[in-house]
Amino acid sequence: MKATVHITDNYIINPPNPLTVDLVGAGGTGSQMLTALARVNHALLALGHPGLIVNVYDDDRVSYANLGRQLFSESEVGFFKSVILVNRMNRFFGTNWKAKTHRFADTLYGEDSYKANLYITCVDTAKSRFEISELLYDLGSNSRHDRERPFYWMDLGNSRDTGQVILSTVGQIKQPASDKFNPVAELPFITEMFREQLEQADQSDDTPSCSLAEALTKQDLFINSAVANLGASLLWQLFREGMIFNRGMFINLKTFITQPLRLV
């Protein structure tokens with residue numbers, strides 16, 4: 001039987017300009033993911049690829065409860081997370097990425113365009129995911145010939161010691177004919193695949209933590225970095241190898257089991 005694969009759109013592999021990326025959320029997972037994106041960008045440039053231009057959306061400010069679990073220091077308490085992280089990446093890697101100090105879903109089309117080739121969401125609630133999915137539905141149907149046409153949406157999420165990475169296409173990605181593989185053109189949104197589970201998840205307590213000790217009762221110290229690194233690895237495979245056999249994974253830090261989410 002032919003192996004089922006998704007073959008990366010050629011624009012992602014050989015773009016005439018840097019790829020545009022919108023990273024939504026700059027907290028526990030988002031801060032780790034931004035660092036991974038900077039490393040991906042540095043590697044792509046070394047390989048002759050134009051690299052990435054990243055916008056980071058988050059309206060939250062650094063609190064004392066964030067220190068230790070997220071990549072912030074005591075001197076940064078009170079400042080916008082997105083600004084702190086983007087300035088850090090720009091100084092270290094020489095990039096010119098941008099921080100947006102408002103919620104991605106509050107962006108008004110035409111005033112501050114949120115169009116991008118790739119979206120990565122590291123948000124806390126199902127409500128945010130549903131809002132983002134609606135925006136991407138609209139963009140996917142109206143940006144077919146735009147250089148910032150949306151191609152992919154990667155969502156990262158976690159609970160206390162489990163997490164998931166799910167890659168979706170924004171519409172269909174045209175696949176070449178293949179005698180060896182069975183190419184899949186469309187990967188459905190997480191909001192389509194797991195609607196009921198997402199709606200149930202938002203019914204749990206999401207009260208902000210007041211201290212690191214309290215935060216650690218809600219999320220394991222390393223769950224965010226584990227999820228971010230797996231997501232970055234999948235993204236790197238999409239870029240570097242030009243095809244993927246899995247569209248994501250589920251991770252459990254209690255059992256140390258990672259279960260791939262295979263293409264069907």
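The following conversation asks how the terms used for this predicted model follow from its computed values.

User: What should I know about the numbering and the model before we start?
Analyst: Residues are numbered from 1 along each chain as its sequence is written, and side-chain values use heavy atoms, with hydrogens and water left out. The model is predicted, so local features need pLDDT of at least 70 and side-chain atom pairs count only at pLDDT 80 or more, whereas totals for chains, interfaces and linings use all residues.

User: How many helices and strands does the chain have, and what makes a stretch count as one?
Analyst: Helices (H or I, at least four residues) and strands (E, at least two) are DSSP runs, numbered from the N terminus. On that basis the chain has eight helices and eleven strands.

User: What makes β2 and β5 a pair, and in which sense do they run?
Analyst: Two strands pair if DSSP finds at least two bridges between them. Strand β2 (residues 19-24) and strand β5 (residues 118-121) have four bridges and run in the parallel sense, so they meet the condition for a pair. Within this pairing, Leu-23 stands opposite Ile-120 in β5. As background, strands of a sheet pair through backbone hydrogen bonds, either parallel or antiparallel.

User: Why is Ser-82 called buried?
Analyst: A residue is buried under 20% relative accessible area, exposed over 50%, and partly exposed in between (1.4 Å probe, protein chains only). Ser-82, which lies in helix α3, has a relative accessible area of 0%, so it is buried. Leaving aside neighbours within four places in sequence, Ser-82 is in contact with residues including Ala-26, Val-56 and Asp-58.

User: How do you know that Asn-90 is buried?
Analyst: Asn-90, also found in helix α3, has a relative accessible area of 17%, and this value therefore places Asn-90 among the buried residues. Leaving aside neighbours within four places in sequence, Asn-90 is in contact with Thr-95, Asn-96 and Trp-97. Asn-90 and Ala-38 are 52 residues apart in sequence and 9.0 Å apart in space, C-alpha to C-alpha. Over the chain of 264 residues, buried residues make up 49%.

User: Which three strands form the other open sheet, and why are two of them called edge strands?
Analyst: The three strands lie in the order β8-β1-β9, with mixed pairing. β8 and β9 each have a single partner strand, so one side of each is left without a neighbour in the sheet. Strand β1 (residues 3-7) and β8 run parallel and are joined by three bridges, and the bridge partner of Ala-3 in β8 is Phe-181.

User: What makes Phe-181 and Phe-245 an edge-to-face pair?
Analyst: Rings of Phe, Tyr and Trp (its six-membered ring) pair if their centres lie within 6.5 Å, and planes under 30 degrees apart count as stacked, over 60 as edge-to-face and the rest as tilted. The structure holds eight aromatic pairs. In this one the centres are 5.9 Å apart and the planes stand at 65°, so Phe-181 and Phe-245 are edge-to-face. The pair links distant parts of the chain, 64 residues apart, with Phe-181 in strand β8 (residues 181-183) and Phe-245 in the loop between β9 (243-244) and β10. Phe-181 is buried at a relative accessible area of 15%, whereas Phe-245 is partly exposed at 35%.

User: Why is the pair of Phe-194 and Phe-250 called edge-to-face?
Analyst: Their ring centres are 6.2 Å apart and their planes are at 85°, so this pair is edge-to-face. Phe-250 counts as partly exposed, at 33% relative accessibility.

Methods. Contact = heavy atoms within 4.5 Å.
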